[in-house]
Amino acid sequence: MNGIDASRVERLAVAARNFCAWATSPVVLGEQDVGLAMQYLSALFAAGCALGWKEGGPGDFRRPEQGIEAVRAKAAALPFRYYSEVFNNLVIPPEEPVVGDIVDDLVDIYSDIAPGLELFESGDLAAAKDHWQFWLSSHWGEHATSALRALWSFLAGRKGHIGAC
């Protein structure tokens with residue numbers, strides 16, 4: 001792996017570590033966690049995008065056994081759970097909106113990210129990169145972008161800015 005790839009993988013590892021630490025931490029802040037969730041998710045998504053797109057198979061994937069209930073509790077403490085979304089915003093006229101679930105989003109993101117972090121921590125940067133790239137392009141990228149939009153809408157609505165753009 002060349003130096004550019006290694007530094008990108010390391011950046012994603014830092015973002016993954018920060019997201020996982022926040023997502024599994026005790027619920028303390030309540031509504032203030034909306035802003036923190038946006039910060040950690042946007043950093044994670046940006047670092048993931050820097051790795052590029054990957055097609056192919058998932059490799060040896062196991063959902064993490066620890067942390068899921070902590071993430072579920074953290075997400076459930078956010079001031080909203082359900083939100084409206086359209087899966088493909090490039091379809092004109094728009095598809096029917098569906099209901100998104102911030103708890104499902106954060107649990108799925110954690111479940112896809114944490115195993116890659118374990119690979120990284122074990123020293124297998126190539127496997128971590130492959131894992132994160134595949135799951136970004138096939139699963140957690142959708143959850144991250146949906147969650148970010150919902151979190152942004154909540155914050156903008158609190159400030160009275162929804163529809164002002």
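Guide: The model is predicted. H4 covers residues 102-121. How does its length compare with expectation? At 1.5 Å a residue, its 20 residues should span 28 Å. The end C-alpha atoms are 28 Å apart, so the two agree. Is H4 mostly covered or mostly open? Mostly covered: 16 of its 20 residues are buried.

Now the start. A side-chain oxygen of aspartate 101 comes to within 2.9 Å of the backbone nitrogen of valine 103. The side chain of aspartate 101 also makes a polar contact of 3.0 Å with the side chain of arginine 81. Arginine 81 sits in the loop between helix H3 (68-76) and strand S1 (82-85). Leaving aside residues up to four places away in sequence, arginine 81 touches Gly100, Asp101, Ile102 and Val103. Its C-alpha atom lies 10.0 Å from that of aspartate 105, 24 residues apart along the chain. Arginine 81 counts as partly exposed because its relative accessibility is 37%, between the cut-offs of 20% and 50%.

Now the other end. Glycine 123 follows H4, and its phi is positive, near 100°.

Last, the helix pair. Helix H2 (residues 33-51) and helix H5 (residues 125-158) have axes that come within 9 Å and cross at roughly 145°. The crossing of H2 past H5 is left-handed. The residues of this contact are 18 nonpolar, six polar and one charged.

Terms used
Residues numbered from 1 in each chain as written. Predicted model: local features only at pLDDT ≥ 70, side-chain atom pairs only at ≥ 80, totals over all residues. Heavy atoms only, no water. Axes fitted to C-alpha atoms, helices over the stretch in contact; angles between N-to-C directions. Helix = DSSP H or I, 4+ residues; strand = E, 2+ residues; numbered from the N terminus. Left-handed = near helix turned anticlockwise from the far one by under 90°. Nonpolar A, V, L, I, M, F, W, Y, C, P; charged D, E, K, R; others polar. Expected span 1.5 Å × (residues − 1). Buried < 20%, exposed > 50% of the residue type's maximum accessible area, 1.4 Å probe, protein only. Polar contact = N/O pair within 3.5 Å; in protein donor to acceptor, adjacent residues only side chain to side chain. Contact = heavy atoms within 4.5 Å.
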